[in-house]
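Subject: Structure handover

Hello,

Here is the structure we talked about. Please have it open while you read the notes below.

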Amino acid sequence: MTRRRVAMPGLVGSMAWWMARWIAIAVLLVAWEGLARSGLVTPFMLPSLSVVLARIWSDALSGDLLQNLWLTLYRALAGFAIAAGAGTALGVLIARNRFIRWFFDPLISVGFPMPKIAFLPIIALWLGYNDASKMTMVVFDSIFPVVTAAIAGTLAVEKELLWSARNMGASERQLLWEIVLPAALPQVLTGLQVALPIALIVSIVAEMTMGGAGLGSAMMVASRFADSPGVFAGITEIAVAGYCLVKCMALLRRRLLLWHQEALAPATA
Amino acid sequence: MTGALHRYLPLVILALLWEAATRLGIVSTLALPPLSQVLRAAYDLARSGDLLTNAAASLYRAGAGLALSIVIGGALGIAMAWWRPVNVVVGPLVELFYPVPKSALIPVTALWLGFGDGSKILLIFLGCMIPVTLGAFNGARSSDQALIWSARSMGASRLRVLWDVVVPSALPELLNGVRTALALSFVLLVSAELIVARSGLGYMIGFLGAGGTYDGMFAAVLTVAFLGFVADRIYQRLMNRVLQWRE
């Protein structure tokens, strides 16, 4: 009985905190609607939430939303997939080969902190205003966190694991696929989790500067025509898409690392 | 000295390859002007003052936005760790806005504040605030409970503990958050200037490229990339100095 009496307020308390999280978001949405309707700001500066939702709904019905969303996600995810594959391969190579490391080390340490988005006009000059240049930009920008994570992950593989595998007669290929890559996977996934939002950002900025449909391009068109519900509909769509992508990636991580000890640790929100 | 040369030799090789490929006609000079020509263009742009005025405009925007985000974001993050009600209200909002691509705000800030400095400063402030807030929050949250208790038992007021214990222990993570924000500020700045601006380095890149002055465009791109790299290196130095008191 005593235990129950102690536990109940705790449960109610955590329920209250959990409710409060959603209340904060609800308050934000209500404040948006209220501010927009109060007349303190013009509808041009801040269209009301209901107007924006109506706009998203009509875009969805006309099929524009789906098409733009598809184009943006296609560019972002195709580039991300290339960056993930090539970046992991390059990272493992750099960690395992001294010459390759010597060559790429300065390129990465100089390239990582650079604002790579500045190269967008150069890529556009070379490849033209098309999907290829947008995806190249996505790969160029999102590959850096993957490479550095793969290097760190590969270097951190325990020597004893490699020695015992070799001792038991594992070939180099088996060593790579069965020891190095699984052992480096948690770090590689962290790198991918950093790279995914970058891929989405770059694909949207590329669409904003180069046009060619997609969510970023649609938002820019709306902005040029001073169509502020269109701009806010765009930002809401992009926010939801970004949120879903990040959550999917976290789920994928949990699924892939079921065997890893981190799965036993309490999940952080 | 030879160590540095050996380390950065690959960059020198790439630069020489660039020059050779364009000189030998393997790559069209229209697509890739020779490095020497790009450097001369950079020199000319610097002498005419174009590079300097645009760089000054860019750095002012990035600096102002970043400074605002550090002050407000840092205070917010520490407040979130210190008072639970703040965390309950602000936490979900931070979590909600964290994965939102900040560049999506470019048209919105342009809608609000026009094409000038204000819209870029607001954009950089909003974008950079989240990594700073999270860094400060994580740092302050992980401050040693025993230190706080002993400070309290020695008669320090809550505010005193906040300033003398929580803030210093939040500093390493906070400074890491600022490093992320620094890189982000350059990205946001250049994106915004490429898309909606009438001055700044990003504008210069777009303007020179649209006019077909490709050596100038390459010079401006390299300037931006170089500035971003140097800013990160200087910041790292400063961060190490500030954190010297840790073992």
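First, a definition for the helix pairs: axes are lines fitted to C-alpha atoms, for helices over the stretch in contact, and angles run from 0 to 180 degrees between N-to-C directions. This is a predicted model, in which local features need pLDDT of at least 70, side-chain atom pairs count only at pLDDT 80 or more, and totals for chains, interfaces and linings use all residues. Residues are numbered from 1 along each chain as its sequence is written, and chains are lettered from A and ligands numbered from 1 in the order in which they are written.

**Chain A**

Start with helix α8 (residues 172-210) and helix α10 (residues 228-256) of chain A. Helices here are DSSP runs (H or I, at least four residues; strands are E, at least two), numbered from the N terminus. The two pack at about 165°, with axes 11 Å apart. That makes α8(A) roughly antiparallel to α10(A) (over 145 degrees; 65 to 115 is roughly perpendicular, under 35 roughly parallel, the rest oblique). Their contact (C-beta atoms, placed from the backbone, within 7 Å) includes L185(A), L189(A) and I204(A) of α8(A). From α10(A) come I238(A), M249(A) and L256(A), among others. By class, there are twelve nonpolar, two polar and one charged residues. Nonpolar means Ala, Val, Leu, Ile, Met, Phe, Trp, Tyr, Cys and Pro; charged means Asp, Glu, Lys and Arg; the others, Gly among them, are polar.

Next, helix α7 (residues 159-167) of chain A. None of its nine residues is buried, so α7(A) lies largely in the open. Buried means 20 or more other C-beta atoms within 10 Å of the residue's own, with C-beta atoms placed from the backbone (exposed: 12 or fewer; partly exposed: in between). Just after α7(A), G169(A) has a positive phi of about 90°.

**Chain B**

Chain B has ten helices and zero strands. Of its 247 residues, 45% count as buried. Its C-alpha trace spans about 75 × 50 × 30 Å along the principal axes. Among contacts between residues at least 6 apart in sequence, 72% join residues at least 24 apart.

One helix pair to look at is α2 (residues 35-48) and α3 (residues 50-82) of chain B. They pack at about 80°, with axes 4 Å apart. That makes α2(B) roughly perpendicular to α3(B). L45(B), A46(B) and S48(B) of α2(B) meet D50(B), L51(B) and L52(B) of α3(B). The contact has four nonpolar residues, one polar and one charged.

Best wishes

Definitions and conventions:
Two residues are in contact if their C-beta atoms, placed from the backbone, lie within 7 Å.
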